[in-house]
Amino acid sequence: MILTQEQFPDGFLWGGAVAANQLEGAYNADGKGWSVQDVTPHGGFGPITDEPTEDNMKLVGIDFYHRYKEDIKLFAEMGFKTFRTSIAWSRIFPKGDETEPNEAGLKFYDDLFDELLKYGIEPLVTLSHYETPLHLSKEYDGWVNRKMIDFYENYVRTVFTRYKGKVKYWLTFNEINSILHAPFMSGGIYTAPEELTQKDLYQAVHHELVASALATKIGHEIMPEAQIGCMVLAMPIYPLTSNPDDMVAVMEAERKNYFFSDVHVRGAYPGYMKRYFRENNIELDFGPDDEETLKNTVDFISFSYYMSVTETADESKRKPGKGNILGGIPNPYLEASEWGWQIDPKGLRIVLNDFWDRYQKPLFIVENGLGANDELITDENGDKTVNDDYRIDYLNDHLVQVGEAIKDGVNVMGYTTWGCIDLVSASTAELKKRYGFIYVDRHDDGTGTLERYKKKSFYWYKQVIETNGASLTEK
């Protein structure tokens, strides 16, 4: 008997992904407060300014705040089934610790979600996507402080109640494991990284994990029909050699990331993490209800996937890669993008299978894409476009591997490409690092008309969605 498996199931959620802080702009419009993004003009790993400065591209972004209707119309033309965006927390609670929300901020997202639903596009909403209100960072040191759980609870109760019936899919924290590497951008932690103790860093992690589980509990109570997921930065790690010591190094490196999904899915701290805390003299402060709260586990696991790395126990061979945000060593068998991110389509199949084997929970690829220096040209018809065959090749090859994982029996809910319209990069705060199917005429010196132009990949992705993946080509 031959069992067949459709490559992409009916109802597969094709779409694109963005974050509010990278495209909305309007950083101080309609009562919005400042976020951590408004004082990081050079990206998540750059210096912090005292207040917003003109060189911060995110203050204007691509003016999605005022142009979202024309952009959503383009997404609908591509056939999007879902659109992932985030709510800017400081639009709802400008300082973060108020008791009453900002109505103008709530109305903006009402209008945005209504516009998506008009075209039959399901909103997929991240509650906290690298945009902690700046006041919470400066006044409380971000997630190091347990009071953040209460502020977050007030925020999520407010938006869950407001958007009940409009938003079915929610993510609690974007790339929650990135707090270990970018504590200010990811966790709003104002203490300088070099002064931050391991105890304080993992205490912040604990507070986020409790808050995430609490949001899951509240979401299920307010919106029984909704699905709530976690979101982690996924990166397969290969041993540099077949030396068993390298394999142990891989295991230990992977566990630093698995820790976050393990707690979200299994509802408790794993033994390997307890050992790490013991051996590093890290004693976390647990609230009386924390262990019970953590048992509120997610409905699905979402993740970003951009690259893989290797690991070794041999310190003499440790040569960090240019673009490897979570550490690791470049793989000599792989090519890299202009920004040093190694390109590994098969790694996506590996990640999907690893998560599925570990958890048997539905999986959602909510970020995957290629940042590149695109050139706007005029074609033979007089239309402005970008011949981004390199992006088409990248996405095609990754989606072929998603199809392979589905054939393996993995339950994949959907796929949203990162930066489906050009936006400001999180890591470098550049606009020249473009990801989109839609070119936005804005440049790193602040010039440009903000006009939108369809790239070649726009039409390619439209066909992929129309055919439910049947137009993909294996090489």
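**Exercise 1.** Work out which way T82, R84, S86, F83 and T85 point from β2, and whether they are buried or exposed.

*Solution.* Start with the faces: T82, R84 and S86 point one way from β2, while F83 and T85 point the other way. In a regular strand, side chains alternate between the two faces of the sheet. Next, check the cover: all of these residues are buried (under 20% relative accessible area with a 1.4 Å probe, protein chains only). That makes five of five for β2, residues 82–86; strands here are DSSP E runs of at least two residues, numbered from the N terminus.

A word on the source: this is a predicted model, where local features need pLDDT of at least 70 and side-chain atom pairs count only at pLDDT 80 or more, though totals for chains, interfaces and linings use all residues. Residues are numbered from 1 along each chain, and side-chain values use heavy atoms, leaving out hydrogens and water.

**Exercise 2.** Find which strands pair with β2.

*Solution.* Strands pair if DSSP finds at least two bridges between them. First take β1 (residues 13–17): three bridges join β1 to β2, running parallel, and A17 has R84 as its bridge partner. Then take β3 (residues 122–128): five bridges link β3 with β2, again in the parallel sense, with T85 opposite V125.

**Exercise 3.** Describe how α6 (residues 147–163) and α8 (residues 198–222) cross.

*Solution.* The axes, lines fitted to C-alpha atoms over the stretch in contact, come within 10 Å and cross at roughly 25°. The two helices are therefore roughly parallel, a label for angles under 35 degrees.

Terms used: Buried means under 20% relative accessible area, exposed over 50%, partly exposed in between (1.4 Å probe, protein chains only). Helices (H or I, at least four residues) and strands (E, at least two) are DSSP runs, numbered from the N terminus. Axes are lines fitted to C-alpha atoms, for helices over the stretch in contact, and angles run from 0 to 180 degrees between N-to-C directions. Angles under 35 degrees count as roughly parallel, over 145 as roughly antiparallel, 65 to 115 as roughly perpendicular and the rest as oblique.
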